[in-house]
Every structure is written in structure tokens, then in C-alpha cells.
Amino acid sequence: MPGKDFLKLHLIVFAWGFTAILGKLISIPAVEMVFYRTLFAAIIIFFLLRIKRIKIGVPQKDFWRLLGTGLIIGAHWIMFFGSIKVSNASIALTGMATASLWTSILEPIVLGRRILWYEVLLGTVVIIGLAIIFSLQLENIIGVIMALLSAFLASSFSIINSRFTRKYDPYAITFYEMAGATISIALFFPLYQLWFTNGAPLQLGLTGMDFLYLLILAGVCTVYAFSASVEIMRRVSAFSVNLAINMEPIYGILMAVALFPEEEKMTPQFYLGAVIILAAVFSYPLFQRLHKRRMTK
């Protein structure tokens, strides 16, 4: 891989890891935060589509499917930032590290391919790591559950998007999905107020710093990181990209510990469980490449 592409790829992954830090810094709750993130991202992408003169028309059936996928993406981000709010960034990022293994379970079911032995093995290893975290992080159990749900939802919409990317421009897909997420959250607001805030007003007021952080979250960590990852995959192998993406929780946890040393201080058992999970995640693309080599012999 050329040095320029290597640095660009890790900059993208660093930006994704930085979302956890921004989620910690933004003062409003997770639901309102994701509403603004998707709204700002949709607006930015709309202007990019106009500048690039990219056609965004899709058949009505796929139009509704794209908006529905946006609902899943919005729920994924709400669970992720909610995990940060009720626990901390380290727990949220460790839970998100299971996304690739959730995909290994869901993909055979959705696409009808057979389950591979090494996916079962690595899935078992992840369960062991989670069991260690669960047994010794009871005060953060809600955050752990929300992080795991976030990872499950992330793997779900990635599988759905794998079909859309064959038919439509990635910018158009992202525009519809960000719009779908924004609309879904706006429709959810009345129920959110009734069930989760006990009738209290929505916290939609932004400080100057909140607005700045949300612009960075939408512009850099959402629009830029996505478009740059699509562009770089034209030259870099999928294996290299997947291996780099596995660094996202590492970057995020290191940043969180450096910026919030007191809040991110965890027990040794948590780090043991996290290391086990990350080892399984890092091993997945290696097993995948080994399996492909055996199949081609």
C-alpha cells in the first residue's frame, strides 16, 4: 500500500474513533445529538450532490428501503452515544468492536451462505470476553448492553448497504439514509418525551461549542470519512481496509483515556475482557485470508 494511502486510511479510522470523544463532549442527550448529526450530514451531502451533479433519483421501492435503513442507522448511533452517556467511551468502543463478528453471524442468514468454522470459534472467544466484562462491570451493564445493540445494528445496516452500493452512488445512498434517520428521530420525539423524559422538554438548544462539535461530527466523522473511505477502496485491498478499521476502538480508547483519565479508568478485568474481544476482532481478517488461500488451492 502506498504511504499516502496508508496515512489517509488511518486518518479515516482515527476520525471514526474520534466520534466517541465528540459524543462525550457534546452536552445534549444521545437522541437529540443524533438528530442534529444526521440533519447536518444530510444538508452537507445534499450540497455536495448538487456541486458534483450526482443524480439521486431511485425507484420508489428502494426509496422507502433507503429511508428505512436510515432508521436503523439512527438507532445504531443513539445506542452508541447512549452507551457513552450512561457509562463511558471505552465501554461503547469495546462493544462496537463486536460489529464485524455480528456481521459474520447475520450475513449467512441474510445472504444464504454457509457459516464458517472460524467465525463460530471467534464468536465464542468474543462471548468469553463479554462474560468477563459483564461479570465485573455490573454498574455499567446498561452501557454494555447498549454498545452491543449498537454493534448489532451497525452490522445489520452494513449488510443492507452492501446491496445498495451495487446499484446507486454512495453519496446518494448516504443522503437518503441520513434523511431517513433525521425523519425517524423527529417522528420518535413525542414518544421519547412521553416514555424517556417524563414530559420534560427536548434538549435541542445548542451552546456554541455543541454546534462546533456537531459540525465536526457531521462534516468530518460522517461525510468526509465516508466519502474518503469509498475513494480509497478503489486502490486498497479490502483486507487492508478491514484490518485498519479494527484499529478504531484502539484509537478511540487511547484518546478517551488521554482526555478523560478519571472517567475512563477501568478495572484490570475490563481491560482483560477488552483485549480478548479485540484479539478476536483482529484475528478475523487473518482467518478470512487463510481460508481463501485454502479454498483456492
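Reader: How many residues does helix α2 have, and what should they span?

Author: A helix here is a DSSP run of H or I of at least four residues, numbered from the N terminus. The expected span is 1.5 Å times one less than the number of residues. In this predicted model, helix α2 (residues 30-52) has 23 residues and should span 33 Å; its end C-alpha atoms are 32 Å apart, which agrees. R53 follows α2 and has a positive phi, near 55°. Residues are numbered from 1 along each chain as its sequence is written. Local features need pLDDT of at least 70, side-chain atom pairs count only at pLDDT 80 or more, and totals for chains, interfaces and linings use all residues, while side-chain values use heavy atoms, without hydrogens and water.

Reader: How many helices and strands are there in the protein chain?

Author: Strands are DSSP runs of E of at least two residues. The protein chain holds 12 helices and zero strands. Its radius of gyration, taken over C-alpha atoms, is 19 Å, close to the 19 Å of the globule rule (2.2 Å times the number of residues to the power 0.38) for 297 residues, so the chain is as compact as a globular protein of that length.

Reader: What percentage of the residues in the protein chain is buried?

Author: Buried means under 20% relative accessible area, with a 1.4 Å probe and protein chains only. Of the 297 residues in the protein chain, 48% are buried.

Reader: What share of the contacts joins residues at least 24 apart?

Author: A contact means heavy atoms within 4.5 Å. Among contacts in the protein chain between residues at least 6 apart in sequence, the share is 87%.

Conventions: Buried means under 20% relative accessible area, exposed over 50%, partly exposed in between (1.4 Å probe, protein chains only).
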